[in-house]
Amino acid sequence: MKIIMLGAPGAGKGTQAIKIAEKYDIPHISTGDIFRYNIKNNTELGKEAKKYMDAGKLVPDELTCDLLLDRVKKDDCKNGYILDGYPRTIPQAEVLDEALAKNGEKIDHAINVNVPDENIVERMSGRRTCTDCGETYHIKYNAPSREGICDRCGAKLIQRDDDKPETVQKRLTVYHDQTEPLIDYYKNKGIYKEVDGTKSMDIVFDDICNILG
Ligand code: AMP
């Protein structure tokens with residue numbers, strides 16, 4: 001099963017994607033995590049991506065598409081995968097669809113975790129991210145059992161630079177301009193579904209599982 005998670009930054013799609021990946025035993029692929037891994041390891045890609053990420057902008061498609069296509073070719077993707085944060089532009093979606101079509105494959109579900117803008121800024125300012133495994137928490141709605149420590153792997157939690165309020169506003173604008181058009185793109189393909197992301201994490205998860213079957 002090949003799944004795409006759509007939604008504004010901070011809608012909770014990353015948290016849900018990790019849970020779905022576990023339940024369906026498929027890899028969770030986050031382009032944001034891949035960029036952050038490269039930044040941490042000071043690679044050329046990391047240095048380039050950081051300039052855009054810190055400004056709340058999208059990393060250019062030229063850097064993003066090949067990276068994603070290489071990742072989904074790996075052996076662990078044979079039974080499918082869940083994409084979190086890709087595609088973020090129509091050209092990214094087209095590149096992926098074309099690559100899949102060459103092998104007679106396609107995306108099965110595009111699920112949008114829908115959260116209005118007014119809820120997003122509050123969510124983002126409370127978000128904390130694991131410096132090691134990338135798991136995300138919220139200081140109010142999904143707090144770790146020990147403050148500042150990841151429940152999953154024990155590493156330190158931080159507030160990402162791009163979750164700071166001034167960057168969040170910029171990321172929301174970018175989302176509406178460049179990513180939201182993907183809703184119509186996947187509606188036209190007949191694979192679009194929406195869940196109400198303002199509900200509790202467990203309900204959102206159940207709603208997504210009901211769609212996936
Ligand atoms: P995320 O962890 O998905 O919120 O991504 C964090 C940042 O990484 C984004 O704000 C972008 O700057 C960059 N990024 C992640 N995925 C993509 C993508 N598919 N296309 C362009 N930029 C991306």
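This is a predicted model: local features need pLDDT of at least 70, side-chain atom pairs count only at pLDDT 80 or more; totals for chains, interfaces and linings use all residues.
Residues are numbered from 1 along each chain as its sequence is written, and side-chain values use heavy atoms, with hydrogens and water left out.

Strand β1 (residues 2-6) runs parallel to β3 and is joined to it by four bridges, with I3 having I82 as its bridge partner. Strand β2 (residues 28-30) also pairs with β3 in the parallel sense, over three bridges, and here H28 stands opposite I82. Strands are DSSP runs of E with at least two residues, helices are runs of H or I with at least four, and both are numbered from the N terminus; two strands pair if DSSP finds at least two bridges between them.

The open sheet has five strands in the order β2-β3-β1-β4-β8, with parallel pairing. Because β2 and β8 (192-196) stand at the edges with a single partner strand each, one side of each is left without a neighbour in the sheet. Between β1 and strand β4 (residues 109-114), which run parallel, there are four bridges, and L6 stands opposite N112 in β4.

## Nonpolar cores

A nonpolar core is a set of buried Ala, Val, Leu, Ile, Met, Phe, Trp, Tyr and Cys residues joined through side-chain atoms within 4.5 Å. The largest one holds 46 residues, of which M5, I20, L83, L96, Y186 and I208 touch the most other members. Helix α9 (residues 201-212) supplies the largest share of this core, five residues. Apart from this core lies another, of six residues, including F35 and L67.

## Cysteines

A search of the whole structure finds zero disulfides, a disulfide being a pair of cysteine sulfur atoms within 2.5 Å. The sulfur of C133 is 3.8 Å from the closest cysteine sulfur, in C150, which is too far for a bond. C133 counts as partly exposed at 26% relative accessibility, whereas C150, at 1%, counts as buried.

Terms used
Buried means under 20% relative accessible area, exposed over 50%, partly exposed in between (1.4 Å probe, protein chains only).
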